[in-house]
Amino acid sequence: MPAMFEQLGVIGCGLMGGSFAMAMKRAGLVKRVVGYSKSPSTTERARQMGVIDVEAPSALLAVSGADIVLLAVPVAATEATFKAIRHLVTANMLVMDVGSTKRDVVDAARRVLRDHVGAFVPAHPIAGKEVSGVEHADPDLYTGRQVILTPTDKTLAGHLKKAQEVWEALGCHVQQMAPESHDAAFAAVSHLPHLLAFALMSGILHQPHGKDFLGLAGPGFKDFTRIAASDPKMWRDVLLANKHELIEQAKIYQRALHYLLQQVEEGQGEKLEALITEASQARAHWRMGQKAK
Ligand code: NAP
């Protein structure tokens with residue numbers, strides 16, 4: 001199959017950007033990858049590892065000559081990145097991102113790209129690791145994973161189709177959603193669980209015997225808190241970017257927790273068991289990427 005693209009420009013050669021570059025090259029979808037990261041040492045490392053072919057000294061130069069561009073920077077850096085590249089964004093170029101939040105990213109694209117916003121197809125691959133950096137980039141990161149595309153009324157139909165083809169060629173299952181629906185859903189199933197994991201660790205650490213307690217913890221604790229080891233800056237940005245939806249989900253959680261605790265306090269064994277049964281069965285039947293029955 002001939003390559004779909006001549007040149008990929010990756011801005012942010014970390015875990016997500018590096019993995020995309022590797023997967024695109026391995027699939028033969030692109031001939032050349034030009035990369036740029038904030039620290040020249042990251043870009044250099046990405047080239048030494050063979051993740052990118054050419055180091056660009058700026059975001060704008062990473063986009064120059066590209067027919068596909070991926071922004072894989074922290075969501076808070078998205079607007080500045082669009083500003084840095086906007087002079088070279090044209091309708092002949094497919095521009096995507098991988099940000100974990102979508103409304104802020106789409107708003108930034110509208111504000112900055114203006115007439116060329118149609119070239120941008122917002123994307124969120126439901127893939128990742130709790131470790132960051134190009135050292136952990138992996139060409140299989142996206143294989144078999146879901147990717148949510150959140151097009152707007154301005155997104156060019158041809159670009160949307162091409163974006164879908166790219167992710168599918170990397171082995172992903174693609175869904176489309178409005179940015180607002182995306183952010184509401186991921187507040188519930190991703191952002192709140194991270195907040196809870198951080199809070200649980202923090203609550204234990206700040207009590208007198210917390211460190212001793214941690215020494216006793218077993219596999220359940222290990223599963224529950226795996227995501228508490230995630231990248232602090234990335235999660236700071238995600239939680240702030242989606243704060244309204246996150247607060248809504250936290251209120252729902254607080255009500256559920258309050259109700260459960262009330263049953264514990266009042267010794268309501270039957271009610272407690274009924275609630276746990278409902279949760280336990282839903283979790284037992286849950287499969288990643290499938291709607292709950
Ligand atoms: P990462 O491994 O830390 O990579 C981020 C890269 O962006 C780094 O190379 C960093 O460069 C670069 N960067 C930071 N600010 C920049 C700027 N202003 N201009 C250019 N490059 C900049 O993080 P990641 O996990 O790949 O995350 C990237 C994006 O993917 C985030 O928006 C995140 O929300 C999204 N995402 C992550 C996951 C996950 O599990 N990790 C899952 C889904 C989506 P330096 O090395 O120089 O700092």
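Visitor: In which sense do strand 4 and strand 5 pair?

Guide: In this predicted model, strand 4 covers residues 68–71. Ile68 stands opposite Leu94 in strand 5. Four bridges join strand 4 to strand 5, and the sense of the pairing is parallel.

Visitor: Are the residues on the two faces of strand 5 buried or exposed?

Guide: Strand 5 spans residues 94–97, with Leu94 and Met96 on one side and Val95 and Asp97 on the other. Residues count as buried under 20% relative accessible area. Both faces of strand 5 are covered, and these four residues are all buried.

Visitor: Which strands stand at the edges of the open sheet, and why is one side of each left without a neighbour?

Guide: The open sheet has six strands with parallel pairing, in the order 3-2-1-4-5-6.

Visitor: What is the bridge partner of Val34 in strand 3?

Guide: Strand 2, residues 30–36, runs parallel to strand 3. Two bridges join this pair of strands. In strand 3, the partner of Val34 is Val54.

Visitor: How far from an oxygen atom of the ligand does a polar side-chain atom of Ser39 lie?

Guide: Ser39 is among the residues that come nearest to the ligand, as are Thr42, Val73, Ser100 and Gly133. A backbone N or O atom of Met16 lies 2.8 Å from an oxygen atom of the ligand, and a side-chain N or O atom of Ser37 is 3.1 Å from a ligand oxygen atom. For the polar side-chain atom of Ser39, the distance to a ligand oxygen atom is 2.4 Å.

Visitor: How much of the ligand's accessible area does the protein cover?

Guide: On its own, the ligand has 900 Å² of accessible area. Helix 1 (15–26) and strand 7 (123–125) are the elements that give two or more residues to the shell around the ligand.

Visitor: How many residues of the shell around the ligand are charged?

Guide: There are 27 residues around the ligand. Of these, 14 are nonpolar and eleven are polar. The charged residues number two.

Visitor: How many disulfides does the structure hold?

Guide: A disulfide requires two cysteine sulfur atoms within 2.5 Å. The cysteine sulfur closest to that of Cys13 belongs to Cys172 and is 19 Å away, too far for a bond. Cys13 is buried at 1% relative accessibility, and Cys172 is buried at 5%. The number of disulfides is zero.

Technical notes: Residues numbered from 1 in each chain as written. Predicted model: local features only at pLDDT ≥ 70, side-chain atom pairs only at ≥ 80, totals over all residues. Heavy atoms only, no water. Near = heavy atom within 4 Å. Polar contact = N/O pair within 3.5 Å; in protein donor to acceptor, adjacent residues only side chain to side chain. Areas by Shrake-Rupley, 256 points an atom, 1.4 Å probe, with all protein chains shown as cover. Nonpolar A, V, L, I, M, F, W, Y, C, P; charged D, E, K, R; others polar. Buried < 20%, exposed > 50% of the residue type's maximum accessible area, 1.4 Å probe, protein only. Pairing = 2+ DSSP bridges.
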